[in-house]
Amino acid sequence: MLAQDVPTEPGEQADAGQSAKQPAPSIPLKLRIPHTAIAPICRGRLLAILDDRGPSGPRPVTAVSGPAGSGKTTLLATWARKLAQRSLAVGEGYRVAWVTLDARDNAPTRLWAAIAEALSLSGIHDTTSTLTSRPPPQDTAGVMNVIDTAGVPVWLFLDETDRLRDKKALCSLETLVRQTPDNLRLVLAARTLPRLHLSRLRLEGRLLEIGMPELAFTRPEAEALFSSHRVRLTPAELDLLMHRTEGWPAGLRLAAMSLGDESTRTAKLAAFPGNDHAVTHYLAEEVLGSHPYRVHQFLRATSICDVISADLATALAGQDNSGEILDRLDRANSLVDRTSRPGGWYRYHPVLRSVLLAELDRLQPFVRRGLHQTAAEWFRDSSQPLTALEHAIAAGHDQLVNELVEAYGLQEILKGHAGVLHRLLSGLPTAMRARPFTVLIAAAAALDVCELPVADDRLSAIDKLGRPLPSGRLRALHSTVKLQRARFDGQVTESPEVLAATAKDRTGDLNLDTLGMINRGIAMLSHGEHAQAEQILQRALELATHGRLEHAVLQSLIQLAAVSGARGDLARMDKQAAHAVEYATARGWARTMDCAAAYTMRGAKAYLQLDSERARQFSALAKQLVPAHTEPPAALATLVLDAVLTLEGTELSTTAAEQVHDRWRCLSSAQIAPQLIAYTAPTMQRIALRAGQQHWATDVMEHVEATLACTAEQALVQAALQAHRAKPGQARRLLVPALIGDAQAVVVTTAIDAWLLEASLLAAADDWHRAHSAMTKALILAVPISALRPFRDGGPPVRDLLVKGAGRFGKLDRFVTTMLAKLPPSSAVPVDQLTNREQELLVELPSLQTAEEIAGALFVSVNTVKSHLRGIYRKLGVNHRRDAVAVARQRGLL
């Protein structure tokens, strides 16, 4: 387009020589860039996509397709004007031509004559026709020649290309598509693009495609639309409309027009879009108008389903050509889309489905329940029980609902669909909840999603029956659900015995036996019966794997990891927890509450190994996923890990410590595995003492005395409290049972902590030989599990002992060296700063090299090395090389 051209219409792009006074010729509407009465919403992201170039330059063909009301024409018209304005502004000299095709363009000569006229109006003429007095070209070759010889870039927009049905017209257009001149960018727009064999262009990267996913309004675009109509919606109202319309531009614009009156907005919003007359009329005219009445009947009958297949549609609508109808609707872009689900499934756009359902209720009010029953039976026979249950509930078929719940309810929970089942059963009428099995399944589903009030209500209904449950299967299910509920209160003392007395986990029902074993295994773990817990959970894992009960498999894996942790095999715990997360990730469950315990276990292992960054990552995931109502063991472990990581390296406020302590005291009062108390109690005592709250530390000690009497854990917390009170003698006497084995440690970290406390107390008494011996015993226990954290928690006294003993721990020295690199240096009196050369020499001192060898490595003389050594000794306040290494390590210089 030349600089003097007018940007708004192709017909206004006159040649420079045209007289300004000459009246402009009349331009056919089909050759004008369309205008809209309402200002279009700025869609910068789509314009950026249209302007974007491919890896090898501009893509010659752009195809924009979408259903009626998706904003295709408005978008391209905006882009065409932008191109014209840009050409005028910067003088790029390209041309923009527009043709809106209609049915008459199915004649090839008329099609190419219209395109040639559009090009002429944009300022591109056939120079040869003037010389030979020939008429403008009316075929593909002639138009392509005009474009090719134009000497400027050309944008040719062909809107409504789906109007072309004639094979000759399509064949000639395909020639232009596949052999586009180098200076042409062809833009095709249609509800459904004609079959132009675009696959080769797509493969070669020469095709830009924009469909409904891109055309749909984003939330900011929807906000701008409503703002332009002066409609102010709350975020929740906008969310509702975005959900119901899926960003369909016409739907949102119709909503904006309908909701302008604030006094009726609530009612209209509730009725939108199904009972909105504007939406109904628009769909009838623009989407469904071209389809015969029998297709309308088909759509209404099948609209009761979220997704539809040909077989299901035939069962509902009774039309044998259902597959053909669905395929035709999809190809016509009539708000019906083929899904990625195998087997030829389709879905209706929510707006279309809502309108169809409203029509069904209005025109055939007594048909809908029968259709739902048909769908329920079809989905049941197709092994899709949850969808069958949803339709059975909608049909109000009590017997079918209860049959489905009894046959498939427990299986669906164990497969990981408890959330869906809970949603369906929560809305059941009272009459449908009459059967005990249905009530108990509803309680189990509620517990699986941690909806305790709902579960309690269902269990209460069973208790109110006033009579024994009639079958052993029912009694086993009742006991299992009660046991599962008891886990949330931490009161699992009696339930395992009740479960064993009723069914003994051998009902013959794989689903019920699996659920019973998982709950019984967890109960055994909380009692500290590790062998039994592992045996039961391993059997549950085998049953779940055999039955393809994936959620039960995940639960078994996580609980087996917990058993390993309780036994002190932290390496195995971490490996099993990682496997559980990997299993969950493969099924899309990595961000579900089931994985919170696995992340906590992995975080605890990383924390023990001083990998704080990794521990924080796992802790953050666990904290994010753990529900508000969860079992005390999971809540306690997550709380303590988060607390120690949050408080690490920060000033500990009394308020923060009090909150952590109160929460720990509340959770630890429940029935929790002794191992978890043993892991967390010393940590909570350290937090209390660090906060200067000895009475909280005393609370921890008293709780340990009540739950872990006569254990090394009891001896440790008692001794730690006395050591804090500056009573080393009494502290050492209290430690003796833990050190000599009279009091067994529940977890291995307790024994490490006990020996470290003993070593610190001996060092304070200047008993260095025995202190070194105690430190060695702590190291022997720590090496197998790479437990670095206890040595860090021991503070400067422990680090000083490690530094003093470095080189005298034998095979443990490598572990000590690794540990010292991660332990913070002891605070000390500042020393004169070492020079760069002294620092280089200091690094060499721990080696066995002589002064001569070090001099050779540093390319300096022996005298220089000796001179630097004297400077190092003076600044560190030592007289010997070994002492220099010890002090340097103590102060973090090595």
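Reader: Which residue in β4 is the bridge partner of Phe 157?

Author: Val 187 is the bridge partner of Phe 157 in β4. A word of caution before we go on: this is a predicted model.

Reader: What makes β3 and β4 a pair?

Author: Two strands pair if there are at least two bridges between them. Five bridges join β3 to strand β4, residues 184-190. That meets the cut-off, so the two strands count as paired. They run parallel.

Reader: How do you know that β2 pairs with β3?

Author: Strand β2 and strand β3, residues 154-159, are joined by six bridges. At least two are needed, so this is a pair. The sense is parallel.

Reader: Which residues of β3 are the bridge partners of Trp 98 and Thr 100?

Author: Trp 98 has Phe 157 as its bridge partner. For Thr 100, the partner is Asp 159.

Reader: Why is β3 called largely enclosed?

Author: Buried means under 20% relative accessible area. Six of the six residues of β3 are buried, so the rest of the structure largely encloses this strand. Val 154, Leu 156 and Leu 158 point one way. Trp 155, Phe 157 and Asp 159 point the other way. In a regular strand, side chains alternate between the two faces of the sheet.

Reader: How many residues of β2 are buried?

Author: Six of the six residues of β2 (95-100) are buried, and the strand is mostly covered. Arg 95, Ala 97 and Val 99 point one way, while Val 96, Trp 98 and Thr 100 point the other.

Reader: What links Trp 79, Trp 98 and Phe 157 into a cluster?

Author: Ring pairs link Trp 79, Trp 98 and Phe 157. The structure holds eight aromatic pairs.

Reader: Why is the pair of Trp 378 and Phe 379 called edge-to-face?

Author: Two values decide. Ring centres must lie within 6.5 Å to pair, and planes over 60 degrees apart count as edge-to-face. The centres of Trp 378 and Phe 379 are 5.2 Å apart, and their planes stand at 85°, so the pair is edge-to-face. Both residues are buried.

Reader: Why is the pair of Tyr 599 and Phe 618 called stacked?

Author: Planes under 30 degrees apart count as stacked. The planes of Tyr 599 and Phe 618 are at 20°, with centres 6.3 Å apart, so this pair is stacked. The pair links distant parts of the chain, 19 residues apart. Tyr 599 sits in helix α30 (residues 596-608), and Phe 618 in helix α31 (residues 612-625).

Reader: Are Tyr 599 and Phe 618 buried or exposed?

Author: The cut-off for buried is under 20%. Tyr 599 has a relative accessible area of 3%, so Tyr 599 is buried. Phe 618 has 10%, so Phe 618 is buried too.

Reader: What makes Arg 230 count as exposed?

Author: Exposed means over 50%. Arg 230 has 77% relative accessibility, so Arg 230 counts as exposed. This residue is in the loop between α9 (219-228) and α10 (235-245). Phi of Arg 230 is near 60°, a positive value in a residue other than glycine.

Reader: Why does Ala 726 count as exposed?

Author: Ala 726 has 61% relative accessibility; the cut-off is over 50%, so Ala 726 counts as exposed. Ala 726 lies in the loop between α36 (712-724) and α37 (728-740). Its phi is also positive, near 65°.

Reader: What makes β6 and β7 edge strands?

Author: Three strands form an open sheet in the order β6-β8-β7, with antiparallel pairing. β6 (307-309) and β7 (336-338) each have a single partner strand, so one side of each has no neighbour in the sheet. The twist averages 35° from one strand to the next. Three bridges join β6 and β8 (residues 345-348).

Reader: Which residues of the second largest cavity's lining are nonpolar, polar or charged, and how many of each?

Author: The lining divides into three nonpolar, four polar and two charged residues. Ile 413, Asp 448 and Gln 484 are among them. Leu and Ile count as nonpolar, and Asp and Arg as charged. So Ile 413, Leu 414 and Leu 515 are the nonpolar residues, and Asp 448 and Arg 487 the charged ones. Gln 484, Asn 519, His 551 and Gln 555 are polar. The space in this cavity is about 50 Å³.

Note on methods: Residues numbered from 1 in each chain as written. Predicted model: local features only at pLDDT ≥ 70, side-chain atom pairs only at ≥ 80, totals over all residues. Heavy atoms only, no water. Helix = DSSP H or I, 4+ residues; strand = E, 2+ residues; numbered from the N terminus. Axes fitted to C-alpha atoms, helices over the stretch in contact; angles between N-to-C directions. 1 Å grid on protein atoms, 1.4 Å probe; cavity = no way out; pocket = protein on both sides within 12 Å on 5 of 7 lines; lining within 4 Å. Points joined across faces, edges and corners; volume = space filled by probe spheres on them. Phe/Tyr/Trp six-rings, centres within 6.5 Å; stacked < 30°, edge-to-face > 60°. Buried < 20%, exposed > 50% of the residue type's maximum accessible area, 1.4 Å probe, protein only.
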